[in-house]
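Subject: Structure handover

Hello,

Here is the structure for you to take over. My notes on what turned up follow below it.

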Amino acid sequence: ASFCSSRNSCGCTSMNLKKFPSGLPSGIQYLDLSMNNIYQITGNDLKAYVQLKILLLQSNEIKTINDDAFNSNRNLEHLDLSYNNLTGLLFSWFEQLSSLKVLNLQGNYYRTLGTNPLFTRLPSLKYFRFGNPYFLAIENHPFEGITDLELLELEAINLNSYQNGSLSTFKKITHMVINVKQDSLFSILGDIINSVTWLEIRNADFKSPESVAGMDVLIPSVVQKLTLRNVSLTDNSVLKFIEVANRYIHVLELDIEESTLYGTGQAGQVIFTGPGSIRVVAIRSLLIPDFSQFSDLHFLYTLPVNMISVTCVDTKVFLVPCEVSRSFKSLQYLDFSNNLLFDLALKFSFCHGVGGEAWPMLRTLNLSRNSLIHLGSIGEYLSEQKYLTSLDISQNNFASQMPPVCHWPKTLTNLNISMCQITRINSCIPTTLEILDVSSNTLSTFAVRLPLLKELYIAKNKLMRLPSAADLPYLISLTISTNSFNGFSEEELEPFANLRALDARDNNYRCSCSFLSFIHNHKSVSGMLTGWPKDYVCDSPSSMRGIQVEDAHLPLIWCHQTLIVSLICSVVLLVVIISVVLCYKYHAIWYAEMIWVWLKAKRKPIKESMKEICYDAFVSYSERDSEWVENIMGHELENANPPLKLCLHKRDFVPGKWIIDNIIDSMEKSRKTLFVLSEYFVQSEWCKYELEFSHFRLIDENNDTVILILLEPIEKETIPKRFCKLRKIMNTKTYLEWPLEESQQHIFWFNLRAALQSENFPTSTRTDPLL
């Protein structure tokens, strides 16, 4: 069937069923048909389910059950027929249920259990609930066959007939709950005083001392724990009950739960016969209608108590007189949580400043959910407690700043100050602590040295990083869930040498490369994380959000950015170095300069480039050849007939003008460019510019104006490789070579003048190139 979660379990609750569903797996062991409208159980409804162990039929409309309805269910262990419409019970229903352990028959309409025993075939029964508001009588020993029970609950608020001895057949009942009329209560108690260990009485009216007097039937009983739930008490009935309870022999624990006290705490003096057997008292949720008139319970001042544990929760305790506190000489556990205690009242309750000795043997104190506001004062008032080891003052309001120094009991090892609106922790915290709980505050840092601390609970705060390990050298367990930190590293965790358990759930984890690498590579860390892996989820980066930290993996390039950037920078640097070396080797800078000069010259306006010719020749020469150029060649040509005008840089360059511009302008104002070649020429930087620009002029203007004079022989090896233009020109153009013999020099001058005066110097290809 669709409502079966497995072949062994079917849940059909609240499905508006009017009869047993069909088609269920034959091997089911668990069947829940509660809260439907089933009105009968036939002999065939359960016949096929022989392995059924748990059958829940509560809150239906069952009125009829066939005699053989459960005959096939011999393995049934739990049967709940509560809150149906059964008006009677039959022995045949239970005849075959020898394995039954839990039976609930409450909330029906039967009035008795019948005239014959119903449960003689239930030897395994351990938990039995029966009765209803219409149940009237218990007669004829209906429980024969049942001897030992873990729980017997009787709901019969209108019971008016009880046959003495009906419950005496039980040899042992661990826990018995009785909710009956006052008239029948003490008769029932008389039958079970030798079988019940824990007795719970509900809804009893104990307003008069006489109604409580019958509780003395428990004086010789074996009852060890007595619980009064939802009972009504008065000042006088409380006084009477204390007198009766003080004579109990075996009762060790007394609980009063969800009850009402109609009084103001004013009663007569209690008559005590001895310390009594009760060691543990717990009063929870006590309603006091006249609380505003309540006194200090002075009748308890002389109470000869030897209790070791007292719990008063939600009972509106606002003050315990010092005399009462001193009377509890054996008390080790005290719980005053959820009351009205305030700082000054606590001072009086612990007899601070008046000799102390309040609760002298106290070891555990719970003052949570009161009205305490000054942590330093609380420590001061408790500082005289010689044996106090555990203190819970959580859910108070300690928002005010803590004093730098506080006094605490020297034996205090466990302190709970959670949910106290604390914004900052300082050295007020006792250094003797082994366990500290500061959860659910507004702490953004935790920087307190606690050399003995083993367990720290600091969940639900605003911490952005782990506490310092140097302050907590012996920490074993750390709970830091639901804070604001986004991860932890090996550097943070490694100093916690003794840490065995770390609860860091529900934080906004930033799944960075370092964090993921640490978690994935340190299995010992993930092994001690509480809630790992499902409660550890990435919050950032956005691509990882919602992914469990265990399954998060970032791209390799994200996780090695420094290495990749370093590698890229190294490659770039290497390329730059190689480029610089290559540029130096192949004179790239020089070529770049030439291109820049050429581009600069080309960008000049046309009107500037078409200048008047002022010189017959621009002479490019090395400074070391200036004597020959200026004194010999200059004299010869400028004094010739007709004279030729030469442009010499020493004489004709415009002062203050950039030298490159002077070279370019002088060449453009000259009809010819005359290069005086020598070993010095090829070593001159400026001669390179002049030679290169003349080559650009030849290409751009198709103007062959270059004249070469070889002043001295030039070896090929002496010409730098960057003078590729010079090599090319000397291999393709006719040049004039200066003769050393004087007889040949006049021919040289003649040819030079002719070349300078001609429109186009011949450019025949040499058959014997110089280079």
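Start with strand β19 (residues 280–284): it pairs with β17 in the parallel sense, over 5 bridges. Keep in mind throughout that this is a predicted model.

Within that pairing, Glu 253 stands opposite Val 280 of β19. How many of the residues of β17 are buried? The count is 4 of its 5, so with burial meaning under 20% relative accessible area, the strand (residues 253–257) is mostly covered.

Now the overall picture. The protein has 771 residues, and 48% of them are buried. Its secondary structure comes to 20 helices and 35 strands. Take the contacts between residues at least 6 apart in sequence: 62% of these join residues at least 24 apart.

Aromatics

The whole structure holds 26 aromatic pairs. One of them is Trp 93 with Phe 94. Their centres are 6.1 Å apart, with 70 degrees between the planes, and the pair is edge-to-face. Are these two residues buried or exposed? Trp 93 has 3% relative accessibility, so it counts as buried. Phe 94 is at 0%, so it counts as buried too.

Two lysines sit over rings. Lys 225 lies over the face of Trp 198, at 4.1 Å from the ring centre. Lys 207 has its charged end over the ring of Tyr 262, 5.0 Å from the centre.

Ser 82

Where is Ser 82 found? It is in the loop between β6 (78–80) and α1 (91–94). Its relative accessible area is 3%, so Ser 82 is buried. The side chain of Ser 82 makes a polar contact with the side chain of Asp 80, at 2.6 Å. Leaving aside neighbours within four places in sequence, Ser 82 touches two stretches of numbering. It is in contact with Leu 57, Gln 58 and Ser 59, and also with Asn 104, Leu 105, Gln 106 and Asn 108. Ser 34 is 48 residues away along the chain, and its C-alpha atom is separated from that of Ser 82 by 9.6 Å.

Annotated segment

UniProt, in an unreviewed entry, lists residues 563–584 as "transmembrane region". In the model, residues 563–584 are 100% helix and 0% strand. The end C-alpha atoms of that segment are 31 Å apart.

Over to you.

Best wishes

Methods: Residues numbered from 1 in each chain as written. Predicted model: local features only at pLDDT ≥ 70, side-chain atom pairs only at ≥ 80, totals over all residues. Heavy atoms only, no water. Phe/Tyr/Trp six-rings, centres within 6.5 Å; stacked < 30°, edge-to-face > 60°. Buried < 20%, exposed > 50% of the residue type's maximum accessible area, 1.4 Å probe, protein only. Lys NZ or Arg CZ within 6 Å of the ring centre and 35° of its normal. UniProt positions renumbered as here; feature names shortened; annotations may be inferred. Helix = DSSP H or I, 4+ residues; strand = E, 2+ residues; numbered from the N terminus. Contact = heavy atoms within 4.5 Å. Polar contact = N/O pair within 3.5 Å; in protein donor to acceptor, adjacent residues only side chain to side chain. Pairing = 2+ DSSP bridges.
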